[in-house]
Amino acid sequence: MERKQPPPATRRKGAAPSRKWLVVPAAGEPREAELGKHRIMEMTGVPTRDLRVLDPDLASPSTILVRERAVVVNLEHVKAIVTATEALVLDSSNPLLGPFHKDLHARVASPDVSSTGSATDRSNEPEQGEGNGPTVALCGAGSNKTLPFELKVLEVCLEHTCKCLKSETLALEKEAYPALDELTSKVSRLNLEHVRHIKNRLVALSGRVQKVRDELEHLLDDDMDMSEMYLTRKLAFQGFTETLSRVDSNKDASTDHDEKEEEDRDDETDTGRESSAYVKPDIEELEMLVEAYFVQVDGTLNKLYNLREYVDDTEDYINIMLDEKQNQLLQMGVLLSTATVVVTAGIVVVSLFGMNIHIELMKDPETDEEARNKNMKFWETTCGTVAGCLAIYLLAIYAGKRSKILH
């Protein structure tokens with residue numbers, strides 16, 4: 001009996017799906033590629049738990065992770081893995097990353113973009129918008145030192161993130177301040193709903209900016225992490241160590257024992273010096289770079305704090321207005337209650353006259369003169385009752401104002 005063969009599977013069950021990445025090499029043109037998790041782990045040495053940080057479906061907070069061979073950058077919608085030779089940018093089809101891709105390619109293609117002369121020239125250019133990132137002379141005077149590839153990519157990531165956060169903050173300010181002013185002039189349900197949406201956006205944006213600021217502050221406080229971000233220097237140091245090892249292995253075995261010990265001591269001294277230089281490297285370039293963008297993010301956060309204080313002040317003002325309205329309503333209630341008590345006094349008089357008792361006013365008149373006298377007494381009684389009620393009401397209001405219960 002012929003056994004049916006299962007249909008061929010296009011993808012192995014349980015295999016991680018591939019995603020579209022933009023590969024930007026240190027030398028060459030960028031290209032798009034479909035890469036899976038295992039392939040990325042082989043290329044960058046980044047573990048799986050760090051790749052989850054870049055997953056757009058998980059919405060992880062902004063973070064910068066420093067690993068042995070790569071730096072994982074997750075700043076807002078900029079998700080990238082940077083090595084000493086290339087940068088992998090996730091979700092290359094995202095329209096928000098269009099300017100980022102262009103700037104990244106231009107910055108990487110320019111070899112002397114971080115030299116002192118270029119930085120000085122850029123700092124002398126007039127600002128073209130508030131979204132421009134800070135420009136810092138990263139090298140000493142008279143130096144023509146080029147920033148490493150990984151720091152160039154990091155600078156573009158930080159600059160693009162700061163621009164996006166600043167533009168969102170400015171847009172929120174342009175919408176929030178007029179809405180708050182309108183609410184103070186007219187408290188309505190529509191205005192209150194608009195301000196509520198603005199406050200929710202303000203809280204969410206403040207949390208995002210605060211997270212980026214905390215990440216940069218943490219990086220500035222950790223010199224070892226900053227030293228580990230010099231991937232090009234680490235790669236060159238590893239190559240130098242391998243070269244020394246090959247030279248030592250090819251030495252003649254018949255060399256004198258004393259000379260060999262002396263050479264070993266010299267090698268250990270040189271290696272110790274290189275190791276010392278590696279443990280405590282010069283991180284001034286990266287420190288100035290991160291500090292510049294830290295100042296910009298901190299300024300954006302201060303703007304959001306000022307807006308939050310304005311919202312809180314507006315809420316306090318609205319609460320004061322509502323309290324005043326409530327006090328006016330309470331006073332109105334007191335006046336109406338007093339009037340009700342006074343009218344009740346008049347009703348008591350009417351009730352007394354409606355009882356089955358014999359008084360002169362209730363007798364039927366026998367002559368016209370008695371009829372006129374009865375009519376006059378009726379009006380006198382009515383006017384006296386109304387005047388008495390009004391006098392009692394005015395006396396109650398005077399007593400309330402005298403005791404400062406009513407204003």
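This passage describes selected local features of a predicted model.

The strand pair E3 and E4 is considered first. Strand E3 covers residues 63-66, and strand E4 covers residues 71-75. The two strands run antiparallel to each other and are paired over four bridges. Within this pairing, Ile64 has Val73 of E4 as its bridge partner. Strand E3 is covered on both faces. Thr63 and Leu65 are buried on one side, and Ile64 and Val66 are buried on the other.

Most residues other than glycine have a negative phi. Ala59, in contrast, has a positive phi, near 55°, and is located in the loop between helix H2 (48-51) and E3. Glu76 also has a positive phi, near 55°; Glu76 sits in the loop between E4 and strand E5 (78-82). The accessibilities of the two residues were computed as well. Ala59 has a relative accessibility of 63% and is therefore classed as exposed, the threshold for that class being over 50%. Glu76 has a relative accessibility of 18% and is therefore classed as buried, since the limit for burial is under 20%.

Helix H6 spans residues 189-221 and includes Leu192. Helix H10 spans residues 284-353 and includes Thr300. With a relative accessibility of 5%, Thr300 is buried. When neighbours within four places in sequence are set aside, the contacts of Thr300 are Leu165, Lys166, Thr169 and Val209.

The cysteines were also examined. A disulfide is a covalent bond between the sulfur atoms of two cysteines. The structure contains zero disulfides. For Cys162, which takes part in no disulfide, the nearest cysteine sulfur is that of Cys164, at 9.4 Å. Cys162 is buried, with a relative accessibility of 3%. Cys383 is partly exposed, with a relative accessible area of 49%.

Conventions:
Residues numbered from 1 in each chain as written. Predicted model: local features only at pLDDT ≥ 70, side-chain atom pairs only at ≥ 80, totals over all residues. Heavy atoms only, no water. Buried < 20%, exposed > 50% of the residue type's maximum accessible area, 1.4 Å probe, protein only. Pairing = 2+ DSSP bridges. Contact = heavy atoms within 4.5 Å. Disulfide = S-S within 2.5 Å.
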